[in-house]
Amino acid sequence: MGSMKFRSLGQTGLSVSILSYGASPLGSVFRDIDENEGVSCVHRALDLGINFIDCSPFYGLTRAETVLGRALQGVARERYILATKVGRYGEDEFDFSAARVTKSVDESLSRLGVDYVDLIQCHDIEFGDLDQIIGETLPALRRVAESGKVRFVGITGLPLSIFERVTAQAPVDTILSYCRYSLNDTSLEKLLPTLHGRGVGVISASPLSMGLLTQRGAPDWHPAPDAVKQKCAEAAQFCTARGADISKLALQFALQNEAIATTLVGTASVGNIEKNVRWMDEPLDEELLREVLAILQPIRNQTWPSGRPENHEPQIND
Ligand code: NAD
C-alpha cells in the first residue's frame, strides 16, 4: 500500500493526511453496522497513515462517538488528530447556546475517552442563527479552548454563503464543507481563495456525494433533486460499462486539489478503507474524467436547500 500524503490545515500547525476518516457510519448512519467492524475500521485507517478523524454527537445520536472512543482506547494520543462537533443533537434538534455547547464538549470528551479534542466544530450552522454563532457560540468555544479541552475551533454546513459570512466576522480556524467538491459539484472552489486569505483551513467531506457517486447508488434519504440522482446514476453506469468504478474516479478527483487540506470519507468497511488508500496512489484516468464530467454537466453545481431560509444560498448554475 502506498504512502500517505499530508497537507497543512490552515494556520493550525496541524499536518493532516489528505484522505481522512469520517466516523458517521460508526453510528449506523448508512446501515446497521457491527461495532467490532467499526473498531477495526478505525485501527486500519490509522495503520494506513490516516491521522485525521471527524465525528459528532449527532451521528447515531452519540453512538458514533461511543464506538470511536472504544476504538481509540489504548491508541497513543499523538497518533491521531481528533475533531468532533457541538450544536446538533438530532434531525431537528439544535442548540448553539454558550451553556449547551460548553457542556457538550465535556460529554464528547467523556464518550471519546480523551482529555482534549484537536478541533471542535459548530455542526450545520445554517440551522442556527448566524449572529448567535458569531457572537455567542464561537466565543464560548474559544473560552473552552483556554481550558485546554479543545485546541482549534471550526464551523460546518452545506450552503457556502455561511462560511463566507462567518469567517468575515469571527476568527475561525477551519471550515468543513460537504458535497461541494466532488465530480458533480465543485462550487467550493470559488470560495477557496477567500478562505486561504483569511487563514482558514479547509476540510471537504463526502467526495462520493453521500453515496451518489457509487455503484450502489444513493440511499433513499438522499436530499439531492431527482435530476441529480439520475445523472449521477447514469455516470456510475457509464463507468461500470467501461470496467471502471465511479467511486475511484470521484475520490481521486477530490484529493487532487491542494487548497483542500483533507477529504473525509465515511465507511464502516475495512475493505473500502483499503481500497480508498490504494486508489489515492493510482493515476487518474483523465479521459474517463472528461467523459464523466460531460455526463454530469447538465446538473453541475446543483445543490439543495438546507437550514433556515435566510441561510440558503442562491442556486449557482455555471
Ligand atoms: P461519502 O461521500 O464519503 O460517502 C459515504 C458512503 O460511501 C458510505 O455509504 C460508504 O460506505 C461509501 N463508500 C466509502 N468508500 C467507498 C468505496 N471505496 N466504494 C464504494 N462505496 C464507498 O460521505 P459521508 O460519509 O457522508 O462523508 C464523510 C464524513 O464527512 C462523515 O462521516 C462525516 O464525518 C463528515 N461529514 C460531515 C458533515 C457535516 O459536518 N455537516 C456532513 C457530511 C459529512
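**Helix contacts and the ligand**

Tutor: In this predicted model, I246, L249 and F253 of α8 touch L288, L289 and V292 of α10.

Student: How many nonpolar residues does the contact of α8 with α10 have?

Tutor: The contact joins I246, L249 and F253 in α8 to L288, L289 and V292 in α10. By class, no residue there is polar and none is charged. The number of nonpolar residues is six.

Student: Are α8 and α10 roughly parallel or roughly perpendicular to each other?

Tutor: The axes of α8 (residues 246-255) and α10 (residues 286-296) come within 11 Å and cross at roughly 100 degrees. Angles of 65 to 115 degrees count as roughly perpendicular. The two helices, α8 and α10, are therefore roughly perpendicular.

Student: How are α1 and α2 oriented to each other?

Tutor: Helix α1 (residues 35-47) packs against helix α2 (residues 63-72) with the axes 9 Å apart and at an angle of about 60 degrees. Their crossing is right-handed. The orientation of α1 and α2 is therefore oblique.

Student: How many charged residues are in the contact of α1 with α2?

Tutor: The contact is made by residues including E35 and H43 of α1 and R63 and R70 of α2. Seven of the contact residues are nonpolar and two are polar. The number of charged residues is three.

Student: Which residue has a side-chain N or O atom 3.1 Å from an oxygen atom of the ligand?

Tutor: The ligand is surrounded by 31 residues. A backbone N or O atom of S209 lies 3.4 Å from a ligand oxygen atom, and a polar backbone atom of G266 lies 3.3 Å from a ligand oxygen atom. The side chain with an N or O atom at 3.1 Å belongs to T156.

Note on methods: Residues are numbered from 1 along each chain as its sequence is written. This is a predicted model: local features need pLDDT of at least 70, side-chain atom pairs count only at pLDDT 80 or more; totals for chains, interfaces and linings use all residues. Side-chain values use heavy atoms; hydrogens and water are left out. Axes are lines fitted to C-alpha atoms, for helices over the stretch in contact, and angles run from 0 to 180 degrees between N-to-C directions. Helices (H or I, at least four residues) and strands (E, at least two) are DSSP runs, numbered from the N terminus. Angles under 35 degrees count as roughly parallel, over 145 as roughly antiparallel, 65 to 115 as roughly perpendicular and the rest as oblique. A crossing is left-handed if the near helix is turned anticlockwise from the far one by less than a right angle, and right-handed if clockwise. Contact means heavy atoms within 4.5 Å. Ala, Val, Leu, Ile, Met, Phe, Trp, Tyr, Cys and Pro count as nonpolar, Asp, Glu, Lys and Arg as charged, and the others, Gly among them, as polar. A residue is near a molecule or strand if one of its heavy atoms lies within 4 Å of it. A polar contact is a pair of N or O atoms within 3.5 Å; within protein, one must be able to donate a hydrogen and the other to accept it, and residues adjacent in sequence count only if both atoms are side-chain atoms.
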